[in-house]
Amino acid sequence: MKKLHILLCAALAFSGLTASAQKADTVIHSNGNPIIRHQYTADPAALVYKGNVYLYTGHDEAPVKVNSYRMHNWLCFSSSDMVNWTEHPSPLNVKDFAWAKDDAWAGQVIERDGKFYWYVAVEHGTIHGKAIGVAVADRPEGPYKDARGSAIITNDMTTQTKISWDDIDPTVFIDNDGQAYLIWGNTVCYYAKLKKNMIELDGDIKTFTLPHYTEAPWIHKHKGWYYLSYAYEFPEKTAYAMSRKITGPWEYKGILNEIAGNSNTNHQAIIDFKRKSYFIYHNGAITPDAGSFHRSVCIDYLYYNPDGTIKRVVMTSEGVKPVK
Ligand code: FUB
């Protein structure tokens, strides 16, 4: 076995490619917001796992002056202090879903029984409209592969609106009783139970009614309350609702974040990590081509009031400090 490894390394060295060169992790020291400055990142989702935060983002790659989404893969970064980030090789590409056409839009990763499931929105190759796929990996940083070989949600499964992009922005949550839920949608906020295998629906698709709902639902729990935050109107602010149960009823609580600078989308993720709470979102702050199709992920603190409501987020240039 050892001999085989040496031979493999020698062959790679000869071809000019070492294993580490192919799979190099890069360390980024973020110096305020936006936290990543060498490429455009959008649609953040975050997972807290074993003392680290894993940040999953989309990747805006539209050429300069092109004002439309050009997104083909997803990115992954991890940190133990919210300031120093390791960039992992891109763990998922839209091409990993053989049935998908393009458009690596927003998603979220969750862990169950030692496996990591990444729900993402893409354009379906044969069924008109956006669809949701699920990829699986053995490690949070991947690599991920298509978990089903087909979409878990397609546009023809949801008929509440005629638009073809309503099946986007999946968020996923496992409740205390072990029941997993998939929540998603543009214009309509859909939800459905997932089977324990995490790759099949378990029952009907239902809807939540939320004022001025646009897209980007995110469910999190804090001190016994469930929170459903979402993009409100367009250009987007972030609003939120609270409930004692994940299935609602949801009580609308107001605006959480204002329109993010130079971006008509806001797309938030909310986590607790090492006794602090964080609001992760994107804006259009990095020159030369910043804007709604060249976005950048930012992180600021989130603060709760004693009654569980959330204080309005203050977006800052300084961002957050390293947490121990
Ligand atoms: O990145 C493409 C789309 O823009 C996302 O799906 C929305 O949430 C918005 O951020």
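Which elements each supply at least two residues of the lining of the largest cavity? In this predicted model, the elements in question are β7 (107–112) and β15 (213–222).

The secondary structure of the protein consists of two helices and 21 strands. The C-alpha trace spans about 65 × 45 × 45 Å along the principal axes of the protein.

The ligand is surrounded by D43, Y69, M71, W105, A106, I168, D169, E215, T265, H267, H282 and R295. Divided by class, this shell holds five nonpolar, three polar and four charged residues. For D43, an N or O atom of the side chain is 2.4 Å from a ligand oxygen atom. For R295, the distance from a polar side-chain atom to an oxygen atom of the ligand is 2.8 Å, and for Y69 the corresponding distance is 3.2 Å. The ligand taken alone exposes 280 Å², and the protein buries 99% of that area.

One cavity of 30 Å³ or more was counted. The space in the largest cavity amounts to about 50 Å³. Its lining is made up of A106, G107, Q108, D169, P170, T171, A216, P217, W218, H267 and Q268. By class, these lining residues divide into five nonpolar, five polar and one charged. Strand β15 gives the largest share of the lining, three residues.

The largest pocket has a volume of about 400 Å³. It is lined by 18 residues, of which A46, L47, V48, Q108 and F173 are the closest to its centre. Two or more residues of the pocket lining come from each of β2 (40–49), β7, β11 (171–174), β15 and β19 (269–273). The class composition of the pocket lining is 13 nonpolar, two polar and three charged residues.

Most peptide bonds are trans, and most residues other than glycine have a negative phi. The peptide bond that joins F234 and P235 is cis, with omega at about 0°. P235 is placed in the loop between β16 (225–232) and β17 (237–243). The loop between β16 and β17 also contains E233, a residue other than glycine whose phi is positive, near 60°. A cis peptide bond also runs from T287 to P288, where omega is near 10°. P288 lies in the loop between β20 (276–283) and β21 (296–301).

Note on methods:
Residues numbered from 1 in each chain as written. Predicted model: local features only at pLDDT ≥ 70, side-chain atom pairs only at ≥ 80, totals over all residues. Heavy atoms only, no water. 1 Å grid on protein atoms, 1.4 Å probe; cavity = no way out; pocket = protein on both sides within 12 Å on 5 of 7 lines; lining within 4 Å. Points joined across faces, edges and corners; volume = space filled by probe spheres on them. Helix = DSSP H or I, 4+ residues; strand = E, 2+ residues; numbered from the N terminus. Nonpolar A, V, L, I, M, F, W, Y, C, P; charged D, E, K, R; others polar. Near = heavy atom within 4 Å. Polar contact = N/O pair within 3.5 Å; in protein donor to acceptor, adjacent residues only side chain to side chain. Areas by Shrake-Rupley, 256 points an atom, 1.4 Å probe, with all protein chains shown as cover.
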